[in-house]
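Here is a walk through one protein model, going from a loop residue to the helices and then to the sheet. Have the structure open while you read.

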Amino acid sequence: DPIKVSALIAALARNTATTVTNATLIRDMSDVDSIRIDPRTVADYLDTLRRLFVLNEIPPWAPALRSPVRFRQAPKRMLTDPSLATAALGATAATLAADRKTLGLFVESLVLRDLRIFADANQARLFHYRDNAGLEADAIITWPDGRWGAFEIKLGEGQIDTAASNLIRLRDKIVAGGDRPPTVLATIIATGGFSHQRPDGTLVLPFDRLAP
């Protein structure tokens, strides 16, 4: 049903770069588009969008291979390219600039798209992290030899201190648990500036400086 598929894509766009559940998507479709849809149909549509590479899902990460976190937590969901979400919502530069929360999620979606491409090019994998204490990281990249890095994604320089503090707390918690320290901790900002290392050891990477 093209109307229901369009409504589902719009619901995914409104919840981009979040761990939105099927139940939340169904409520969103009902509240915004007045669509009534069976949960099994939503599951089928999501599977189709996944196989068509329209839906991009970032799985959760846990340091231990057999950790239940890998299986119990939800993936981050987003459309493969944020331009699809922009089109689905009819968003413009002006409307996004006026809604910084949505803009921030769209920027996160854009950065995660590129990080996944760069990770694939280096035989690495992309995850997100959130533990039961609420500590989280927007992106985790792991390599087959066990190396890992954590990344926070922010709109601008005003959020760097908070992001760096969060990354350091994550590093200390993982290391205290007996796992190896990260290879890199970095805050990726949306605009401007130069790549540099802070006194606390974390990196600041402008989005337009990223490369494989």
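At 57% relative accessibility, serine 34 counts as exposed (exposed means over 50% relative accessible area, buried under 20%, partly exposed in between, with a 1.4 Å probe and protein chains only). You'll find serine 34 in the loop between H2 and H3, and its phi is positive, about 55°, although it is not a glycine. Helices (H or I, at least four residues) and strands (E, at least two) are DSSP runs, numbered from the N terminus.

Phenylalanine 53 is another non-glycine with a positive phi, of about 60°. It sits in the loop between H3 and E1 and is exposed too, at 66% relative accessibility.

## What the model is

This is a predicted model, so a pLDDT of at least 70 is needed for local features and 80 or more for side-chain atom pairs, while totals for chains, interfaces and linings use all residues. Residues are numbered from 1 along each chain as its sequence is written, and side-chain values use heavy atoms, with hydrogens and water left out.

## Helix H1 and its partners

Helix H1 covers residues 2-14. H1 and helix H2 (residues 22-33) pack at an angle of about 110°, with their axes 9 Å apart; axes are lines fitted to C-alpha atoms, for helices over the stretch in contact, and angles run from 0 to 180 degrees between N-to-C directions. That makes H1 and H2 roughly perpendicular to each other (65 to 115 degrees; under 35 is roughly parallel, over 145 roughly antiparallel and the rest oblique). On the H1 side, Lys4, Ala7, Leu8, Ala11, Leu12 and Arg14 meet Leu25, Asp28, Met29, Val32 and Asp33 of H2.

With helix H3 (residues 39-51), H1 packs at about 75°, and the axes are 11 Å apart. H1 and H3 are therefore roughly perpendicular as well. Here Lys4, Val5, Leu8, Ile9 and Leu12 of H1 make the contact with Val42, Tyr45, Leu46 and Leu49 of H3. Isoleucine 9 counts as partly exposed, at 21% relative accessibility. Leaving aside neighbours within four places in sequence, isoleucine 9 is in contact with Leu49, Leu79 and Ala88 (contact means heavy atoms within 4.5 Å). Isoleucine 9 and leucine 49 are 40 residues apart in sequence, yet 9.0 Å apart in space, C-alpha to C-alpha.

## The E1-E2 pair

Strand E1 (residues 55-58) runs antiparallel to E2, joined by 4 bridges; two strands pair if DSSP finds at least two bridges between them. Asparagine 56 has methionine 78 in E2 as its bridge partner. Strand E2 (residues 76-79) is covered on both faces, with Lys76 and Met78 buried on one side and Arg77 and Leu79 on the other.

## The six-stranded sheet

Now for the open sheet: its 6 strands come in the order E3-E4-E5-E6-E8-E7, with mixed pairing. The edges are strand E3 (125-130) and strand E7 (196-197), each pairing on one side only. Helix H7 (residues 100-121) packs on this sheet, touching E3, strand E4 (136-142), E5 and E6, and its direction makes about 15° with that of E4.

Strands E5 (residues 148-154) and E6 (residues 184-189) run parallel, with 6 bridges between them. Glutamate 152 stands opposite threonine 187 in E6. Threonine 187 is buried, with a relative accessible area of 0%. Beyond four places in sequence, threonine 187 touches Glu152, Lys154, Ile160, Ala163, Ala164, Leu167, Leu203, Val204 and Leu205.

## Helix H8

Helix H8 (residues 160-176) has 17 residues and reaches 24 Å from first C-alpha to last, close to the 24 Å expected at 1.5 Å a residue (that is, 1.5 Å times one less than its number of residues). Its buried residues include Ile160, Ala164, Leu167 and Ile174, and the buried set packs against E3, E4, E5, E6 and strand E8 (203-206). After H8 comes glycine 178, with a positive phi near 100°.

## Cores

The largest nonpolar core has 22 residues, and Val111, Leu115, Leu126, Ile141, Phe151, Ile188 and Leu210 have the most contacts inside it. A nonpolar core is a set of buried Ala, Val, Leu, Ile, Met, Phe, Trp, Tyr and Cys residues joined through side-chain atoms within 4.5 Å. H7, E4, E5 and E6 are the elements giving two or more residues to this core, and H7 gives the most, with 6. Apart from it lies another core, of 21 residues, among them Ala13, Tyr45, Leu79 and Leu96.
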